[in-house]
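Thanks, everyone. Please have the sequence and the model open while I talk.

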Amino acid sequence: EDEARAGSSDAVRAYYDRYGDQERGRLVERVRGRVSFEVHKGFLTTFVGPGARVLEIGAGPARFTKVLAQLGARVVVTDLSPVQLSLNEHYLSGMPEEAAVERRELLDICDTSEFADGEFDVVLAFGGPLSYAFERVDEAMAGLLRITADSGFVLASVMSLLGSWRHYLPAVTARAAVIGEDVNDRIFATGDLRHDPASEHICRMFRAREARELVERNGGTWVAASASNWGSLADEETVLALEADPERWRHFVGNEIRACAEPGALDGGTHILFAATPRRFS
């Protein structure tokens, strides 16, 4: 229990081992998840081209591994959870995209020391693995930048503090009534859910400016960013109606992707996506 509260790698691994196949459904079961998936795909398309060698961290059950393969990348697939790594292989087994996978291995985002400087064209950490690094987050970010080629990109996402607070406000206020407003204020100030003694999902949420500061103080240049959702978090029935009309859906998703990239929207989704490139010093 104490280890879980500390946010150790073992606790995160155990959480995702238990979470299992639910991770695959996260981006398809609700319409906002399907929109989020399109936003993530659009971000990948911007920065990943044919022939790119990609290290995918926290790959989970192959949602983005498949997209990377379809973009023509070669992928080293990694995850902290052996269950998630097995699911990745399961869902790509027998698929043409499996040919793009160089290998699979267990990896903690806080320790990328096995890889050479500049080894990868793209280092991908979608799904928020940096949000589980806690006190080692600077070490993790510096490591991602170190193994990225000079002309390459780190593409990552972190859990959004302000967007999650806005989207889950009824649950947040109900929980604050139980744990106390002082505790809730500490979570709001730090983004750290370890302050809640009963939270099942232990992570650190970020403001967009904090994500940018994380990149820049660890030797990176902030290139681009996006919220994971914006308008699609508002009214599920309206978005479902749009999805039922393919032409209107195409327009809506395009506008949503553009809206999510607006500076004023970066803190408005449940996750913050960002692209960074290494800033080498002579």
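Start with Met141. Setting aside neighbours within four places in sequence, Met141 is in contact with Leu130, Val154, Leu214, Val215, Asn218 and Phe274. Contact here means heavy atoms within 4.5 Å. Met141 sits in helix α7, residues 137-146. Helices are DSSP runs of H or I, at least four residues, numbered from the N terminus. Met141 is buried, at a relative accessible area of 0%. Buried means under 20% relative accessible area, exposed over 50%, and partly exposed in between, with a 1.4 Å probe and protein chains only.

A word on the source. This is a predicted model, where local features need pLDDT of at least 70, side-chain atom pairs count only at pLDDT 80 or more, and totals for chains, interfaces and linings use all residues. Residues are numbered from 1 along each chain as its sequence is written, and side-chain values use heavy atoms, leaving out hydrogens and water.

Next, helix α10, residues 181-190. Which residues of α10 are buried? Val183, Asn184 and Ile187. Seen down the axis, the buried residues of α10 fall within an arc of 100°, so they line one face of the helix. That arc is taken from the directions from the helix axis to the C-beta atoms. The cover over those buried residues includes α8 (161-167) and α9 (169-179). After α10 comes Gly191, with a positive phi near 75°.

On to cysteines. Cys110 is buried, with a relative accessible area of 8%. Cys203 is buried too, at 2%.

Last, cavities. The whole-structure search finds one cavity of 30 Å³ or more. On a 1 Å grid over the protein atoms alone, a cavity is a set of points where a 1.4 Å probe fits but cannot get out, and lining residues have an atom within 4 Å of a point. The largest cavity has a volume of about 30 Å³, counted as the space filled by probe spheres set on the points, which are joined across faces, edges and corners. Its lining is Arg26, Leu27, His40, Phe64, Phe126, Gly127 and His271.

Methods
1 Å grid on protein atoms, 1.4 Å probe; cavity = no way out; pocket = protein on both sides within 12 Å on 5 of 7 lines; lining within 4 Å. Helix = DSSP H or I, 4+ residues; strand = E, 2+ residues; numbered from the N terminus.
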